[in-house]
Amino acid sequence: MKKTVIIYGTSTGTCEDLAGRIGAKLGVDNIINVTDLDDSVIADNDNLILGTSTWGAGEVQDDWYDGLKTLKGANLEGKTVAIFGCGDSESYPDTFVGGMAEIYNAAKNAGANVIGGVSTDGYTFDDSESVVDGKFVGLALDEVNEDNKTDERIDAWVAEIQPSL
């Protein structure tokens with residue numbers, strides 16, 4: 001596997017925990033908070049695995065606002081990006097994991113090869129900006145209502161993305 005970093009934004013610790021679990025499955029110990037993201041992190045890594053929780057009306061976690069600026073200003077040509085997000089599909093069924101969409105758009109517009117879309121089958125929600133062509137733009141996780149599905153979802157996603165990393 002090429003040089004990989006997992007970058008997360010978290011307010012309650014859930015996304016940080018998920019980043020650690022994904023890192024353990026991938027064998028990646030380079031896991032950082034998005035507050036530590038800068039141009040050198042991007043330059044030093046071939047693969048970026050980006051995670052956010054979703055807040056408000058489907059927005060990224062607060063620390064991601066500066067991280068998005070960094071992504072938007074970077075040249076991600078030749079970089080592989082995979083995205084994961086957590087949300088609450090029961091309390092926020094209209095904006096479930098919507099924060100992933102902002103990261104996806106920033107990475108795509110900066111030239112990244114974004115991998116790891118996940119079918120919406122088996123998820124219960126009404127709408128999400130993170131659904132493109134019938135798939136989530138990354139791994140959608142709900143630790144509030146569907147934590148019993150998290151390990152299985154992480155395993156399936158890691159198995160899908162690992163050959164491309």
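How many bridges join β1 to strand β2 (residues 31–33)? Three bridges join them, and the two strands run parallel. Strands pair if DSSP finds at least two bridges between them; helices (H or I, at least four residues) and strands (E, at least two) are DSSP runs, numbered from the N terminus.

This is a predicted model, in which local features need pLDDT of at least 70, side-chain atom pairs count only at pLDDT 80 or more, and totals for chains, interfaces and linings use all residues. Residues are numbered from 1 along each chain as its sequence is written, and side-chain values use heavy atoms, with hydrogens and water left out.

β1 covers residues 4–9, and six of its six residues are buried (under 20% relative accessible area, with a 1.4 Å probe and protein chains only). Thr4, Ile6 and Tyr8 point one way from the strand, while Val5, Ile7 and Gly9 point the other way. The pairings of β1 are as follows.

| Partner strand | Bridges to β1 | Direction |
|---|---|---|
| β3 (residues 47–55) | six bridges | parallel |
| β2 (residues 31–33) | three bridges | parallel |

Threonine 4 has asparagine 47 as its bridge partner in β3. On the β2 side, isoleucine 7 stands opposite isoleucine 32.

**The whole chain**

The protein chain holds five helices and ten strands. Its radius of gyration (over C-alpha atoms) is 14 Å, close to the 15 Å that the globule rule (2.2 Å times the number of residues to the power 0.38) gives for 165 residues, so the chain is as compact as a globular protein of that length. Buried residues make up 52% of the 165 residues.

Notes:
Buried < 20%, exposed > 50% of the residue type's maximum accessible area, 1.4 Å probe, protein only.
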